[in-house]
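Here is the note on the model that you asked me to look over. Please read it with the coordinates open beside it.

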Amino acid sequence: MPNANALPVLNISAYKFVPLPDCAALRDLLHERALGLELKGTVLLAEEGINLFLAGPGEAVMAWVGALRQDARFADLAPKESWSEAVPFKKLLVKVKPEIIRMNHPTIRPDQQARAPALPAATLARWLDQGHDDEGRPVVTLDTRNAFEVDYGTFEGAIDWRIHKFSEFPEAVQAHREELLGKTVVSFCTGGIRCEKAAIYLQQQNLDGPVYQLEGGILKYFEETGGPHYQGSCFVFDQREALGAALEPATEIQRPASEAHRAAAPR
């Protein structure tokens, strides 16, 4: 994304599900590189892959990404980019975790399983315009985020099961399965990572209809379409709090009643 506003700080987010049996050693290497470039943010590593949010001067951020891509496992990594006036993170954290996005469902391993079909943003916008998919089947959008995130904004008419953490998602599917039967289900989240697991789980439920994940999540949808059919802003896990459809900090924010949601990365 070009730095249209000439703002000084580049913010990136990216994830990739790929086997990383050496994630502990990789943690030390990536931490050292980020420290040397004075970057801030969070990098999560697990045997299933990488999930990262980093910010700093544009050249420094891209130098870190360029070095990461020298590892063949990350050669195709394509971070989402946005620009800001200040670094929205207070410190640098590079951590090894059991999962890069916690679902507590060991049979769901995107690094070892075929990916669920990804739906381009433009196609979802068109389907929502026309009220059905290209086969005439009704389309439902399924928000896989935590309830407080949904309260900042979501797609018009989206299904929201008011989960408090992503590990509750499989149980919520079982409780509300009837809502999805026979429909085209498009799962979505902030940047796409939760739906990598959610869509695989949904595919296994025999819902008698196709299941998709929104490619790149809400933020890619904003970037590529400008946000039609989306109401409100999109919560992000940094000090910017929420972004509007122009991928800039939202000026009007409807905050949840509880402020207990502050965290460094989605759960």
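1. Basis. This is a predicted model, in which local features need pLDDT of at least 70 and side-chain atom pairs count only at pLDDT 80 or more, whereas totals for chains, interfaces and linings use all residues. Residues are numbered from 1 along each chain as its sequence is written, and side-chain values use heavy atoms, with hydrogens and water left out.

2. Helix α3. In α3, which spans residues 121-130, the buried residues are Ala121, Thr123, Leu124, Ala125 and Trp127 (buried means under 20% relative accessible area, exposed over 50%, and partly exposed in between, with a 1.4 Å probe and protein chains only).

3. Arg126 and the end of α3. Arg126 also belongs to α3, but this residue counts as partly exposed because its relative accessible area is 35%. Just after the helix, Gly131 adopts a positive phi of about 85 degrees.

4. Helix α6. This helix is mostly covered, with ten of its eleven residues buried.

5. The side chains of Glu149 and Arg194 meet in a salt bridge with an N to O distance of 2.9 Å (a salt bridge being a side-chain nitrogen of Lys or Arg within 4 Å of a carboxyl oxygen of Asp or Glu). The pair links distant parts of the chain, since Glu149 sits in helix α4 (residues 147-150) and Arg194 in helix α6 (residues 193-203), 45 residues apart. Both partners are buried.

6. Other salt bridges. The structure holds 16 salt bridges. Which residue forms a salt bridge with Asp22 at 2.8 Å between the closest N and O atoms? The partner is Arg73; Arg73 lies in the loop between α2 and β4 and Asp22 in the loop between β1 (9-17) and α1 (23-36), so the pair ties together parts that are 51 residues apart in sequence. Arg73 is partly exposed at 22% relative accessibility, and Asp22 is likewise partly exposed, at 31%. Salt bridges that share partners join Asp22, Asp71 and Arg73 into one network. A further salt bridge is formed by Asp28 and Arg27, with the closest N and O atoms 3.1 Å apart; Asp28 is partly exposed with a relative accessible area of 45%, and Arg27 is partly exposed with 25%.

7. Surface charge. Lys90, Lys91, Lys95, Lys97, Arg102 and Lys165 gather in a patch of positive charge on the surface. Patches are made of residues with over 30% relative accessible area and no salt bridge, like charges being joined within 9 Å. Within this group, Lys91 lies in the loop between β4 (80-84) and β5 (92-96), and Lys91 counts as exposed because its relative accessibility is 53%.

8. Backbone angles. Most residues other than glycine have a negative phi. Asn104, in the loop between β5 and β6, has instead a positive phi of about 60 degrees and is partly exposed at 44% relative accessibility. Arg162, in the loop between β9 (159-160) and α5 (169-176), has a positive phi near 55 degrees and is partly exposed with a relative accessible area of 35%.

9. Gly66. This glycine is found in helix α2 (residues 58-68) and counts as partly exposed because its relative accessible area is 26%. The C-alpha atoms of Gly66 and Leu30 are separated by 12 Å, with the two residues 36 apart along the chain.

Definitions and conventions: Helices (H or I, at least four residues) and strands (E, at least two) are DSSP runs, numbered from the N terminus. Patches are made of residues with over 30% relative accessible area and no salt bridge: like charges are joined within 9 Å, nonpolar side chains (Val, Leu, Ile, Met, Phe, Trp, Tyr) within 5 Å. Accessible areas come from the Shrake-Rupley method with a 1.4 Å probe; for residues, only the protein chains shown count as cover. Lys and Arg count as positive and Asp and Glu as negative; His and the chain ends are not counted. The place of a charge is taken as NZ of Lys, CZ of Arg, CG of Asp or CD of Glu.
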